[in-house]
Structures are given as structure tokens and as C-alpha cells.
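Please read the points with the model in view.

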Amino acid sequence: MSYANPYVELAHGYLKAAEALDADALSKLITPDAKAQFLPSAPLGPLGEPTDKDGFLAVVNHLKKAMKNGRMPTKTKDAFTVAGQPYVNEYIIMLWMAEVDGELKITRIQDFFDSTVISLLGL
């Protein structure tokens, strides 16, 4: 699907890649020096500290192993963990974007985890 607004198109590309927990696809959308943070920071401990692109993608890869079929659907009515636990999530993701070398990329990410994701990460 193509969007008239390149920012909306990049955001949808991010959501599609995030839903698939596709670190390779996400990597192509994010600048090499991008910063990311998972929130709320208090219950996440060290995971709630700002991180770089590699740290962000490492969490995506970890979640891919924890979710059934390696996916985190944005509409999570029928989503389950590998242990068979139902997974329901509300998403709040903030993306900062800028043009880098003539291409629109994501420069900063803040992703708010819910309590289920926190338990999947073993925190």
C-alpha cells in the first residue's frame, strides 16, 4: 500500500516489520545512529535505559523467540506466546523521523511495553 505522506508510509512500514518481529526489515528503516527506549522504564530495569540500534534489534529478536509463530500482531485478539498464553496488547509507539542521505529514516523510537511483554522478557 502506498501513502501520499512519506512519514505515514514509513510509520506503516515500521508497524508491519514490528508486527513480524523482522529485525532485518526494521534495520533498513532505522538510521545507524538511532536511539531507542522501551518504557515504562521503572519496571524494565536496564532494559528501560536508552539504547542504540543494535540493542533495540536484540530485543526484537528476543521477542520473536517468545511469540508463537514469531509474530506480535497489532490486532492481538488471536495472539499467543510459545507457551500458549493468550497475548493482548495496546500499542503506543513514538517514532522520530528525518531525511538522511535523501531517504526518510527513523532516528528515534520510544516503545511502551505492557505487563505481558515485561513478563515474556523475564523481568
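1. A residue is called exposed when its relative accessible area is over 50%, buried when that area is under 20%, and partly exposed in between. Asp101 has a relative accessibility of 81%, so it counts as exposed. The model discussed here is a predicted one.

2. Overall make-up. The chain contains 5 helices and 6 strands. Followed along the sequence, these elements give the pattern α-α-β-α-β-α-β-β-β-β-α. The chain has 123 residues, and 39% of them count as buried. Its accessible surface is about 7,300 Å², with 55% of that belonging to carbon and sulfur atoms. Of the contacts between residues at least 6 apart in sequence, 53% join residues at least 24 apart.

3. The sheet. An open sheet is formed by 4 strands in the order E2-E1-E6-E5, with mixed pairing. Its edge strands are E2 (51-52) and E5 (93-100), each of which pairs on one side only. Strands of a sheet pair through backbone hydrogen bonds, in either a parallel or an antiparallel sense.

4. Pairing, strand by strand. E1 (residues 30-39) and E6 (residues 103-112) run parallel and are joined by 6 bridges. In this pair, Ile30 stands opposite Ile106 of E6. Helix H1 (residues 6-19) packs on the sheet, where it touches E5 and E6, and its direction makes about 55 degrees with that of E6. H4 also packs on the sheet, touching E1, E2 and E6, and makes about 55 degrees with the direction of E1. E5 and E6 run antiparallel and are joined by 8 bridges; here Met94 stands opposite Gln110 of E6. E1 and E2 pair in the antiparallel sense over 2 bridges.

5. Strand E1 and Gln37. In E1, 7 of the 10 residues are buried, so the strand is largely enclosed by the rest of the structure. Gln37 is found in this strand. With a relative accessible area of 17%, Gln37 is buried, because the cut-off for that class is under 20%. Leaving aside residues up to four places away in sequence, Gln37 touches Gly48, Glu49, Pro50, Ile109, Gln110 and Asp111.

6. Asp52 has its place in strand E2, and it is the bridge partner of Lys35. Asp52 and Ala36 are 16 residues apart in sequence, while their C-alpha atoms are 6.0 Å apart in space. At 38% relative accessibility, Asp52 counts as partly exposed. At the start of H4, a side-chain oxygen of Asp52 reaches to within 3.3 Å of the backbone nitrogen of Asp54. A polar atom of the Asp52 side chain also lies 2.8 Å from the backbone nitrogen of Gly55.

7. Helix H4. Does the length of H4 agree or disagree with what its residue count predicts? The helix covers residues 53-66, which is 14 residues, and at 1.5 Å a residue it should span 20 Å; its end C-alpha atoms are 20 Å apart, so the two agree. The buried residues of H4 are Lys53, Phe56, Leu57, Val59, Val60, Leu63 and Ala66. An α-helix has 3.6 residues a turn, so residues three or four places apart point the same way.

8. Residues with a positive phi. Most residues other than glycine have a negative phi. Leu21 is not a glycine, yet has a positive phi of about 50 degrees. Leu21 lies in the loop between H1 and helix H2 (23-29). Is Leu21 buried or exposed? At 4% relative accessibility, Leu21 counts as buried.

9. Back to Asp101. Asp101 also has a positive phi of about 50 degrees without being a glycine. Asp101 is found in the loop between E5 and E6, and the hairpin of these strands has 2 residues between them. As stated in the opening point, Asp101 counts as exposed at 81% relative accessibility, whereas Leu21 counts as buried at 4%.

How values were computed
Residues are numbered from 1 along each chain as its sequence is written. This is a predicted model: local features need pLDDT of at least 70, side-chain atom pairs count only at pLDDT 80 or more; totals for chains, interfaces and linings use all residues. Side-chain values use heavy atoms; hydrogens and water are left out. The expected span of a helix is 1.5 Å times one less than its number of residues. Buried means under 20% relative accessible area, exposed over 50%, partly exposed in between (1.4 Å probe, protein chains only). A polar contact is a pair of N or O atoms within 3.5 Å; within protein, one must be able to donate a hydrogen and the other to accept it, and residues adjacent in sequence count only if both atoms are side-chain atoms. Two strands pair if DSSP finds at least two bridges between them. Contact means heavy atoms within 4.5 Å. Axes are lines fitted to C-alpha atoms, for helices over the stretch in contact, and angles run from 0 to 180 degrees between N-to-C directions. Accessible areas come from the Shrake-Rupley method with a 1.4 Å probe; for residues, only the protein chains shown count as cover.
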